[in-house]
Amino acid sequence: CGFSCSVLALCLDVFKRSFSLHRTHSLKDMENIFQLVRNVIPPLTGKRHKGQDGRIGIVGGCQEYTGAPYFAAITALKVVRNTKMNDSPNAVHEVEKWLPRLHSVVIGPGLGRDEVLLENTKGIIEKSKVKGIPIIIDADGLWLISQQPSLIQGYQRAILTPNYMEFSRLYEAMVSYPVDSSDHHGCVLRLSQAMGNLTIVQKGERDLISDGEKVLVCSHEGSSRRCGGQGDLLSGSLGVLAHWAFLAGAEKTNGQNPFLVAAFGACSLTRQSNHQAFQKFGRSMTASDMVSEVGTAFSKLFET
Ligand SMILES: *[C@@H]1O[C@H](CO)[C@@H](O)[C@H](O)[C@H]1NC(C)=O
């Protein structure tokens, strides 16, 4: 389907936000980052046609896990290519047919660890790198990376979205000593540098985002409850925002790394969706409830 993510939009003054930036950065900088996210969102016009605002590939899903790629894809809202990869040895060849049309790929939601699947996934990563498109890696995609960091190391158009466990595994693989729990900022920064300054988003109570130079903190108000599938919303929306930010370039982001801006936007959007769904459903909130809130959350945050 085509996509007009611009349906998604923000009335900054309406709700309370609490963000902080590492070290010297102030709340004013935070405000500025929101503005940068807005700057990269393509305007909604009647003239645009299907697929023009982005075609995002989701590489994930295996027999056991079909929900995760669905959540990532539906969140990428205008997912134009949602490929649930199969485990045929031909998959890479199949993928090569549509890969040239994609603007970004999200790798990992519900991927599983089947050997053939992971081999195919490696092939897709290689091909995407050659094409120079943004690659978002989550879940078992990150497991693959922890086994073989060189697959993505130094590719600065990659964004990794580890939770705390996945982060620790990657960190130990790359930095070769354990995570220092008294210095989360420093650890995220070091992991990014060890990976060659690609963007790392450590998901947690607060999301920490680093490109090896800066560390942003997104502590936009969500809720105390995180639900299964929330990470898929993040990776899916990041697929879209990374493409937009990359396309807009550093000019629109005031010289800031577009991927940092995209990551900050996706983290805020996911948290806002969580917040809104929690208001309605409380503890019974599910990822589907969050998906239903993505449109209004986007409006609230980014459309002024
Ligand atoms: C990563 O960023 C840091 C801080 O800006 C810089 O010192 C370092 O040279 C960069 N490394 C690479 C591989 O770009």
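Arg271 is buried, with a relative accessibility of 8%; here buried stands for under 20% relative accessible area, exposed for over 50%, and partly exposed for values in between (1.4 Å probe, protein chains only). The model is predicted, so local features need pLDDT of at least 70 and side-chain atom pairs count only at pLDDT 80 or more, while totals for chains, interfaces and linings use all residues. Residues are numbered from 1 along each chain as its sequence is written, and side-chain values use heavy atoms, with hydrogens and water left out.

Side chains of opposite charge can pair when their charged atoms come close. The whole structure contains six salt bridges, a salt bridge being a side-chain nitrogen of Lys or Arg within 4 Å of a carboxyl oxygen of Asp or Glu. Arg271 takes part in one of them, with Asp207 as its partner and 2.8 Å between the closest N and O atoms. This pair links distant parts of the chain, as Asp207 belongs to strand β7 (residues 207–210) and Arg271 to helix α9 (residues 258–281), 64 residues apart. Helices (H or I, at least four residues) and strands (E, at least two) are DSSP runs, numbered from the N terminus. Asp207 is buried, at 5% relative accessible area.

Helix α9 also contains Lys280. The side chain of Lys280 forms a salt bridge with that of Glu293, at 2.8 Å from N to O. Distant parts of the chain are again linked by this pair: Glu293 is in helix α10 (residues 287–302), 13 residues from Lys280. Lys280 is exposed because its relative accessible area is 57%, whereas Glu293, at 6%, is buried.

A further salt bridge joins the side chains of Lys122 and Glu119, with an N to O distance of 2.9 Å. Both residues lie in helix α4 (residues 115–131), three residues apart, which is about one turn of the helix. Lys122 has a relative accessibility of 16% and therefore counts as buried. Glu119, at 46%, counts as partly exposed.

Backbone angles were also examined. Most residues other than glycine have a negative phi. Ala139 is not a glycine, yet its phi is positive, near 50°. Ala139 lies in helix α5 (residues 139–147) and is partly exposed, with a relative accessible area of 21%. Ser176, also not a glycine, has a positive phi of about 55°. Ser176 is located in the loop between α6 (164–175) and α7 (184–194). With a relative accessible area of 62%, Ser176 is exposed.
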